[in-house]
Amino acid sequence: MKLLSESPSLDVRFIPVVLLVMGLSTPGQAEITSLDSANIDDVLNNAGVALVNFYADWCRFSQMLHPIFEEASNIVREEFPDTKQVVFARVDCDQHSEIAQRYRITKYPTLKLFRNGMMMKREYRGQRSVTAIADFIRQQQVDPVKEVLAVEEFNALDRSKRNIIGYFEKKDTDNYRTYEKVANILRDDCTFLAAFGAVSEHERFSGDNMIYRPPGESAPDMVFLGSLTNFDLAYAWTQDKCVPLVREITFENGEELTEEGLPFLILFHVKEDTQSLETFQHEVARQLISEKGSINFLHADCDKFRHPLLHIQKTPADCPVVAIDSFRHMYVFPEFKDVSVPGKLRQFVLDLHSGKLHREFHHGPDPTESTPGQEEMVGEVASNPPESSFQKLAPSETRYTILSRDRDEL
């Protein structure tokens with residue numbers, strides 16, 4: 001079955017119509033690497049930055065993007081001639097469906113950004129024009145690490161942001177190269193700073209190190225205790241600090257979160273109700289930290305999400321409300337006041353993974369249960385990410401998820 005064909009904003013004013021119809025590009029020295037299962041890991045792992053075009057030949061928007069993508073590659077190659085510094089690549093998803101499945105490609109064309117073989121969560125969503133794509137790659141080449149030149153600068157840090165600070169004897173070391181690699185990957189999630197030599201000496205009593213300075217004037221620093229030459233360890237520690245355990249979902253980032261492929265545990269709350277959010281965050285950390293890799297913990301503004309709330313028979317007046325979006329159904333946690341009952345929120349998530357919530361959705365409470373089912377129907381969800389308002393399947397079933405809205409409402 002063919003997947004969705006995306007209708008992006010394409011700048012085709014300067015592309016001859018004949019070339020578009022034929023699917024050909026303008027003459028040039030474009031070096032677009034075609035990826036397959038034999039070479040994809042080698043190419044991406046050895047590229048500082050790789051922009052990959054996942055396309056399908058039958059998709060007219062993919063055909064329109066080809067010459068734009070190639071021209072952007074030409075421009076970028078002139079500025080960054082090192083073929084391992086920046087790579088433009090493409091994947092024919094009809095020919096290599098296993099690769100499309102591996103990277104959860106659900107619409108064409110999709111432009112994914114990779115750094116040293118690691119796919120970034122945020123795909124390219126800018127204008128599909130030569131200038132915009134080239135500018136995007138230029139931005140990716142900007143050093144994400146700001147050098148601190150004087151000790152006094154540490155007192156002027158923006159404490160509303162998540163700051164990672166590295167202290168090094170000098171820049172040309174394996175320790176700093178690891179730090180720089182981590183910073184490149186997490187540049188959108190934290191502010192990265194580095195001090196060298198005398199400026200960093202007061203914090204290098206046990207050698208090069210890095211700290212996390214969280215938001216809040218009185219929040220204490222957290223020190224990385226592992227080896228800075230161990231990239232996996234340094235990255236895992238930094239990601240844990242830079243990416244909040246409970247993130248906010250909006251209609252701007254919802255599709256990106258969906259593409260991570262994990263179900264959602266969502267707190268719907270009134271924006272001003274910070275107490276409910278703090279309670280939810282505390283209970284997620286207390287009960288569900290071990291489930292971090294199997295479900296995304298999110299919170300959403302009740303007022304902005306009043307349309308999805310209606311489909312779980314709720315309104316902003318009912319908030320705070322906790323629900324799971326499995327991308328097939330939505331299940332509502334019975335009472336928000338019970339999230340603090342030891343183990344109850346965790347059991348709700350475990351019931352999702354065991355299939356109990358889905359089973360009870362269709363067949364009612366299990367015979368062994370004496371309490372009412374702890375789910376409320378919202379309906380079936382397409383396996384593809386929701387792109388428009390819910391579609392009728394049958395009189396009693398509706399395809400729907402938290403993000404299902406008319407496109408003009410996004």
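A residue counts as buried under 20% relative accessible area, as exposed over 50%, and as partly exposed in between. Keep that scale in mind as you explore this structure, which is a predicted model. Let's begin with a tryptophan: Trp 58 has a relative accessible area of 28%, so it is partly exposed.

**Trp 58 and its partner**

- Trp 58 sits in the loop between β3 (49-55) and α3, while Tyr 108 belongs to strand β5 (residues 107-108).
- These two residues are 50 residues apart, and their pairing links distant parts of the chain.
- The ring centres of Trp 58 and Tyr 108 are 5.7 Å apart and the ring planes stand at 75 degrees, so this pair is edge-to-face.
- Is Tyr 108 buried or exposed? Its relative accessible area is 4%, so Tyr 108 is buried.

- Phe 69 and Phe 88 form another ring pair, with centres 5.1 Å apart; their planes meet at 55 degrees, so the pair counts as tilted.
- This pair also links distant parts of the chain: Phe 69 lies in helix α3 and Phe 88 in strand β4 (residues 86-92), 19 residues apart.
- Phe 69 and Phe 88 are both buried.
- Look, too, for a cluster joined by ring pairs, made up of Phe 168, Tyr 176, Tyr 179, Phe 192 and Phe 196.
- How many aromatic pairs are there? The count comes to 19.

**Helices α3 and α5**

- Two packed helices are described by the angle between their axes and the distance between the axes.
- Here, helix α3 (residues 60-79) and helix α5 (residues 130-140) have axes that come within 8 Å and cross at roughly 40 degrees.
- That angle makes α3 oblique to α5, and the crossing is right-handed.
- On the α3 side, the contact is made by Leu 65, Ile 68, Glu 71, Ala 72, Ile 75, Val 76 and Glu 79.
- On the α5 side, the residues are Val 130, Ile 133, Ala 134, Ile 137 and Arg 138.
- By type, the residues of this contact divide into nine nonpolar, three charged and no polar.

**His 66**

- His 66 is found in helix α3.
- With a relative accessibility of 11%, His 66 counts as buried, because the cut-off for that class is under 20%.
- Which residues does His 66 contact, leaving aside its neighbours within four places in sequence? They are Asn 53, Tyr 55 and Asp 57.

Methods:
Residues are numbered from 1 along each chain as its sequence is written. This is a predicted model: local features need pLDDT of at least 70, side-chain atom pairs count only at pLDDT 80 or more; totals for chains, interfaces and linings use all residues. Side-chain values use heavy atoms; hydrogens and water are left out. Axes are lines fitted to C-alpha atoms, for helices over the stretch in contact, and angles run from 0 to 180 degrees between N-to-C directions. Helices (H or I, at least four residues) and strands (E, at least two) are DSSP runs, numbered from the N terminus. Angles under 35 degrees count as roughly parallel, over 145 as roughly antiparallel, 65 to 115 as roughly perpendicular and the rest as oblique. A crossing is left-handed if the near helix is turned anticlockwise from the far one by less than a right angle, and right-handed if clockwise. Contact means heavy atoms within 4.5 Å. Ala, Val, Leu, Ile, Met, Phe, Trp, Tyr, Cys and Pro count as nonpolar, Asp, Glu, Lys and Arg as charged, and the others, Gly among them, as polar. Rings of Phe, Tyr and Trp (its six-membered ring) pair if their centres lie within 6.5 Å; planes under 30 degrees apart count as stacked, over 60 as edge-to-face and the rest as tilted. Buried means under 20% relative accessible area, exposed over 50%, partly exposed in between (1.4 Å probe, protein chains only).
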